[in-house]
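I opened my notebook to look up a few things in this structure. My notes follow in the order I made them.

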Amino acid sequence: MFRNIEFQEIVYTIKESWQFGKSRQKRCILKGVSGVFPQGQLTGIMGPSGAGKSSLLNAISGFRSDGVKGAIKINRKDSCYITQDDLHQPLLTVEEIMSVACELKIKNPVNKATIINDILSSLNLTSRRENTAKQLSGGEKRRLSIALELVANPTVLFLDEPTSGLDEVTAAQCVRLLRDLTKQGRTIVCTIHQPSGTVLSLFDQIYVLAKGDCVFQGSPQTIVPFMASHGYNCPKHYNPSDYLIELCDAENEVISNLSEAINNGKSVISPTIDKETNNVIGFDVKNAVMSMLLDTPAPPKSSIVEKMKALKRFLQSDYAHSSLRQFLVLMRMMQTKIYRNRIALGIMLFHHIFCGAILGLIFLNSANDGERMFDHLKFSIAIVFFLSYTQIIVPVLSYPLEVKLVKKECFNRWYGLTPYYLALTFSRIPLQIFFNILFLTLVYWLPGLPMQWWRFGLFSFVGVIISLVAEGLGLTIGSTFSITNGCATGPMILAPMLGLAIYGFDFAAEIPLQMYALMKMSFLRIGVVSIVLITFGYNRDQLDCNYIYCHFDDPKVLLRYLRIEEVSLWHELTFLFGLMITFRVLLYFSLRKRLK
Ligand SMILES: Nc1ncnc2c1ncn2[C@@H]1O[C@H](COP(=O)(O)OP(=O)(O)OP(=O)(O)O)[C@@H](O)[C@H]1O
């Protein structure tokens with residue numbers, strides 16, 4: 001059902017970020033603004049930089065709810081939000097991305113091809129359908145963002161700065177396109193920076209904010225007469241919106257005068273039109289009729305009714321398809337994405353073969369040397385460190401950007417968190433196993449470890465588990481922090497773990513009990529102990545000795561020296577599994593927090 005979007009006395013408060021020596025203070029970004037965005041119209045939210053335009057759009061669309069107070073009347077299930085960043089899967093073609101959107105967003109995508117053709121041709125993207133998203137220009141990316149959301153035929157579209165970064169002609173084309181979409185009954189609200197006269201005239205309504213207050217709401221043609229009635233005469237040949245914004249930016253008094261006149265958005269300025277010439281000859285200040293003001297308040301609900309409603313909401317899926325179907329579509333999309341990234345695949349292949357060969361050559365034929373006890377330990381540490389570092393650093397650098405895309409798609413109800421999370425977890429495993437086994441084969445074979453299949457199998461299994469633990473940690477960091485903060489956090493977590501991994505190898509007998517407990521928290525330590533147990537335990541044959549006496553030629557002596565001869569590999573594996581699950585659970589909650 002089409003209805004106006006109405007909001008009343010919206011207050012948006014943020015907590016200033018913490019600064020050294022200063023206490024955290026609250027800052028009011030939106031100061032009780034009200035307004036109506038009429039159904040089937042194109043409304044532009046304008047204002048000086050920092051006025052709170054994006055904040056208002058985020059608050060009304062629900063993209064941001066923390067710190068937002070006030071009443072908002074909108075059918076969110078039928079709306080979508082298009083972010084400023086134009087985030088898409090860069091390696092998929094326009095057609096593939098549209099196809100994924102159709103499969104996830106349409107209940108019965110039987111005429112999927114027709115829907116895609118219609119939307120692409122109406123947005124002038126047909127000629128680009130075979131191109132990947134990263135090959136598109138800024139304007140094309142913007143149109144693709146709109147095309148993707150149109151698949152579900154939403155009645156309300158929110159767009160944050162759809163014209164930013166576009167030249168004047170492309171910006172006008174973009175706004176014209178939005179206006180055409182309103183002709184099909186859609187309500188479109190977007191933030192916009194100082195539009196040209198041509199672009200301004202394309203809007204049905206303008207909502208102007210200044211320092212968190214509403215200073216104008218109405219048709220663009222009424223800006224000049226409205227301002228003039230308050231003594232602010234817009235010079236001829238001057239863009240009225242520029243004049244209004246510049247005035248508000250310069251003088252606080254203007255903001256309070258205009259905001260009072262418009263009742264902070266509770267009034268709307270409508271044009272008086274001369275019937276003969278069809279020109280705007282004046283304006284009227286009307287109450288922005290807000291049905292929610294007229295609605296009689298519902299009687300307070302009992303907690304049982306509330307609980308039943310919550311249960312109903314839980315059982316009714318917000319999505320077009322079941323979680324299983326979402327998982328399968330996402331899994332296929334992620335696989336395509338992984339295998340299409342040929343450069344990354346090539347680098348990963350080279351990285352694993354090169355590092356495996358280098359490590360193998362450093363310890364070439366040394367695995368059976370009974371005099372090189374410390375080399376055996378260094379070898380185990382190097383393997384564990386390689387597996388961990390590789391798996392942590394890649395997601396720390398690449399995942400933060402993906403989280404933003406996931407946030408947008410989840411918000412627009414493409415899919416739920418659980419199917420996404422499962423697809424993310426399982427889609428990477430086959431390739432990860434392949435690369436790790438390649439590396440582990442080289443480092444097993446070149447140093448000359450015993451050619452026993454079962455031992456190699458265990459060695460590879462533990463290696464893969466270590467890399468999965470590390471990947472979980474890397475993804476958790478990537479989903480929680482930005483790239484910059486993640487780059488500091490990753491090594492900060494890894495460094496003590498590495499310290500614990502090598503701690504006490506030469507005085508194992510004297511390690512205090514508390515340190516043992518701490519060492520169990522380092523998956524690197526558990527990984528090193530597991531690798532040593534596999535390579536030197538399980539009745540490994542006597543090592544070579546070219547002297548009269550080699551203290552460590554009996555592998556059991558090495559295990560005893562490290563105080564791990566009684567340690568069970570399965571016990572260590574249980575800890576590794578425990579940490580793997582812990583990091584994956586942390587990843588889930590971190591994603592959930594971000595998506596909220
Ligand atoms: N999460 C946040 N944390 C800290 N400050 C914020 C946050 N969100 C908004 N602000 C501040 O609120 C003010 C309004 O921000 P907003 O992005 O809504 O402005 P805007 O009118 O869209 O500006 P611009 O046109 O420059 O994008 C800015 O001063 C901004 O720094």
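Is α1 mostly covered or mostly open, and how many of its residues are buried? I looked, keeping in mind that this is a predicted model. I found α1 mostly covered, with eight of its nine residues buried. I wrote down the buried ones: Lys53, Ser55, Leu56, Leu57, Asn58, Ala59, Ile60 and Ser61. Then I checked what comes after the helix. Gly62 follows α1, and its phi is positive, near 90 degrees.

Next entry: the ligand. Which helix gives the largest share of the shell around the ligand? I noted helix α1, residues 53-61, with three residues. I listed the whole surround: Ile14, Ile29, Gly47, Ser49, Gly50, Ala51, Gly52, Lys53, Ser54, Ser55, Thr191 and His193. I sorted the shell by class and got three nonpolar, eight polar and one charged.

Last entry: a helix pair. Two packed helices are described by the angle between their axes and the distance between the axes. I looked up both values for helix α14 (residues 373-411) and helix α20 (residues 523-536). The angle is about 135 degrees, and the axes lie 9 Å apart. I recorded the crossing of α14 past α20 as right-handed.

Which residues meet there? From α14 I noted Ser380, Ile381, Ile383, Val384, Phe385 and Ser388. They meet Leu524, Gly527, Val528, Ile531 and Val532 of α20. By class, this contact holds eight nonpolar residues, three polar ones and no charged ones.

Note on methods: Residues numbered from 1 in each chain as written. Predicted model: local features only at pLDDT ≥ 70, side-chain atom pairs only at ≥ 80, totals over all residues. Near = placed C-beta within 6 Å. Helix = DSSP H or I, 4+ residues; strand = E, 2+ residues; numbered from the N terminus. Nonpolar A, V, L, I, M, F, W, Y, C, P; charged D, E, K, R; others polar. Axes fitted to C-alpha atoms, helices over the stretch in contact; angles between N-to-C directions. Left-handed = near helix turned anticlockwise from the far one by under 90°. Contact = placed C-beta atoms within 7 Å. Buried ≥ 20, exposed ≤ 12 C-beta atoms within 10 Å, placed from the backbone.
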